[in-house]
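Q: Please take a close look at one part of this protein, a pair of packed helices. A connected account is wanted, with the cut-offs given.

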Amino acid sequence: MTTRPDPDDLLERVMRDEERQARGRLKIFFGFSAGVGKTFAMLEAAQALAAQGGDVVAGVVETHGRAETEAQLAGLARLPMRMVAYRDRQLPEFDLDAALERKPGVILVDELAHSNVPGSRHAKRWQDIDELLRAGIDVYTTLNVQHIESLNDVVGQITGIRVFETVPDHVFDEADDVMLVDIPPDELLARLQQGKVYLPQQAEKAGRNFFRKGNLIALREIALRRTADRVDADMRQYRADRSIAQLWQARERIVVAIGSGSGEERLIREAARLAAKLQAQWLAVHVDLPGQRQAMEARERVVSYLKLAHSLGAETASISGEELGAALLQFARSRNAGKLVIGQEEGGLRRLLRWPRGTLAQRIARSGGEIDLYSIARSRTRHQHEPASPDSAASAAEALLTRRRRTRGTLWAVVSCAITTTLAFLLDGKLHPANVIMLYLVGVMLVAMRYGRAASALVSVLSVLSFDFFFVDPRFSITVSDAQYLLTLAVMLAVSLFISSLTARLRRQASVAMQREARAANLYMLGKELSALLTLDQILEIGRRHLAAVFGARIAFFLPDSADQLRLAEPEQDSGAAHVFRNVDAGVAQWVYDNGQAAGKGTATLPSAAALYLPLTATMRTRGVLAFAIEAPSEEERQLAAAQLALPENRQMLEIFCSQIAMAIERLHYAEVAQDALVTMESERLRNSLLSAISHDLRTPLTSLVGSADVLAANARLDDDARAMARTISEQSQKMVGLMNNLLDMARLQAGVVTLNRQWNALEELAGSALRLLAKALEGRQVDTRIAPELPLLRVDAVLLERVLANLVENAIKYSPPGTPIGISAHVEHGDGAPQVKVCVTDQGRGFPPTMTQHAFEKFTRGDNESATPGVGLGLAICRAIIEAHQGRIWIAPQEAGQGATVCFTLPVETQPAPPEE
């Protein structure tokens, strides 16, 4: 069964389709763990597409050394990686600009959750992919379940391992296609043992931690459920796009209708038990009927019922509708729910009054035959969480305001009737009685528009009595001489009551619509203004102004410092003073920031606080805290406004405002980070260019100076003092040449123009070459070399690694007393499961200062800034750049104060080639 599409929905669908056609398509290969075959499946799909003539390019594919995955890349065009400078080293990253310039039909971008190197255009790879999609390029990518933001903490609790590279849920939900790559946990564990997931040493460690069978079973269930949720959302979108009203019960889903009366707790708990028994999703919904004005006590009960349902696992919603049964059926169909749970209606007089149109159950049964209906008796007892009496602060405030409003309405009803009667009496004889009735009806309508149903009902009765008393014979008496006037008076009263009721309902509907329109307009203006702001103070001031306009509140913002301690953001002296809330509690704000949960007035946490504190949660992290305090002319109105703020729709609007402000703060933060990174990169580039130019210009005269000094030192015709001076000039010039070589090497390494000539070398030979270079400086010292036998060959650049060893030994010579020994040790260890060679150089000097161990490998860093020891602090920086280019790591080993220094580095052990056959 289909229904006629709504024109607005149809227009929105057309615009959405046009936007999709302009964007590329995103396909995610989704799995529950590493090793299930996501990258392999992505490459298989790419090869199949390429075989059909598609333009497929591999942008970045992480094979992790798996031979079968590498084989799938054969024949595919590959995009070169872009080298990005980070902390004095070059790291490969996806080249977004090259991909946009190439603009293939489909590009493969592995690992959707990857974090880019600082200084890249975007912080996350999913942002790179979004730019590719906006350019009309289709993208294939991969994702594990633990990287979805909303599931990150759940997976962390199961596995005990928390990952910090996450993808917002909307990226996964908005993907055009999601392919689940799934294998049984036993098969994955077998692959792990066979070395098809990690290297054997890594596999052993992973099997003891993440890759436990219980973990894999739980992760598999989460991935299957998340995929099923997405398929269910796609199905509901398909039904909505084609206006299909008939239910497709592919999945059990239950809707429970929550009323505002007492005793709904049993209904909620029975629905929760039914959902658990059927293993179904369930939703608790409250329908707000515009024609009914609920008392504050009733609205407070609705909020408490929805909180109870949410705590029991339900998804909650509050909707509006003209008729309760129709609204419930429409909501159930929109959510593809096949079961509807309602409470039994009361009997007695109310059932008799409902007889003409039937009970709620009867109306639903007539219109929703495809939906199973459950009717459950409500609780007859009062529970502790239910308000004990209508004398709560908010209810008392509403009662007082209602009494005042009704008093004004009563007075105006009497005045309106009196004015109408006076006017009609003055025109007596000139107006037909029917026109007099019209005058009274105008008065009824005016009072209903201004003061609601009660006042309009009163003026209706007064109008009928006044017309009878003043204008129906016998006059000045309520008796009626002509029986026809009885019908006239009855019809007049019925029409007056109908007009008053209809006008009051329209008035309330218009009021609700105006409030929603005003809030939507304010939300639109907030987003529009925030998108154009460039400073933090402007963002906060715009937020204060809009929140005050919509909610009538005073606002305070707390922002974190570098230590994640909140500070109050003071507004500018000449702006926003009327909207600033100053009586804030920094302790409550810090708790909200640390826990990411709301606290303060109207919540279950610290409810006695003077304000409501909400976290400003953006995509990546919490950016601050908003303190929100209601302002009103009187205490009663303030209590009423606070209670209204607790209603779901109002709280949701407030949270949307907070989210908009948080996103603006985060956007500004990343703009500043990108600007700082750009300035840093330009400074580094300028410094490297300057160093390179200076080094080139100085090398030639220094070489000439060394040669001339050597010639003079060898000239026998000069006396001994002259030759000694020439030798000194030669030695110092050679040190300057070494310094220039360091500067040139550092500039080349920073620019990424050094290509490693990696060959198989023995560490003993490299160490011997380095010691021979320093033979003169090592005179009078003993070098203790302890290189483990059977040390494997290393696939390294011999010249660069020799430079590393020479720099470390030379550093030990400089900073240790003359004559003290220097040690060089090397052995194989299994760090993080993978075999690697660890090399350490040890001296007997003073060691590194404790504050320097984290910065010793930075350029131009020295242990003693004013020391007479020669050098400019480039030796260790060059060592780090070379070691990291070999995928190794270098660090300062901890030593007791005054017991020397130990610098260690590791290099990976690769599979050695088989010896040639004779």
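Are α24 and α25 parallel, perpendicular or oblique to each other, and why?

A: The model is predicted, so local features need pLDDT of at least 70 and side-chain atom pairs count only at pLDDT 80 or more, while totals for chains, interfaces and linings use all residues. Residues are numbered from 1 along each chain as its sequence is written, and side-chain values use heavy atoms, with hydrogens and water left out.

Helix α24 covers residues 763-773 and helix α25 residues 798-814; helices are DSSP runs of H or I with at least four residues, numbered from the N terminus. Two packed helices are described by the angle between their axes and the distance between the axes. Here the angle is about 55 degrees and the axes lie 9 Å apart. Axes are lines fitted to C-alpha atoms over the stretch in contact, and angles run from 0 to 180 degrees between N-to-C directions. Under 35 degrees counts as roughly parallel, over 145 as roughly antiparallel, 65 to 115 as roughly perpendicular and the rest as oblique. α24 and α25 are therefore oblique to each other.

Their crossing is right-handed, meaning that the near helix is turned clockwise from the far one by less than a right angle. On the α24 side, L763, L766, A767, S769, A770, L771 and L773 make the contact, where contact means heavy atoms within 4.5 Å. From α25 come A798, L801, E802, L805, A806 and V809.

As for the setting, the protein has 26 helices and 25 strands, the strands being DSSP runs of E with at least two residues. Of its 918 residues, 42% are buried, that is, under 20% relative accessible area with a 1.4 Å probe, protein chains only. Residues 24 or more positions apart account for 72% of the contacts with a separation of 6 or more.

Note on methods
Buried < 20%, exposed > 50% of the residue type's maximum accessible area, 1.4 Å probe, protein only.
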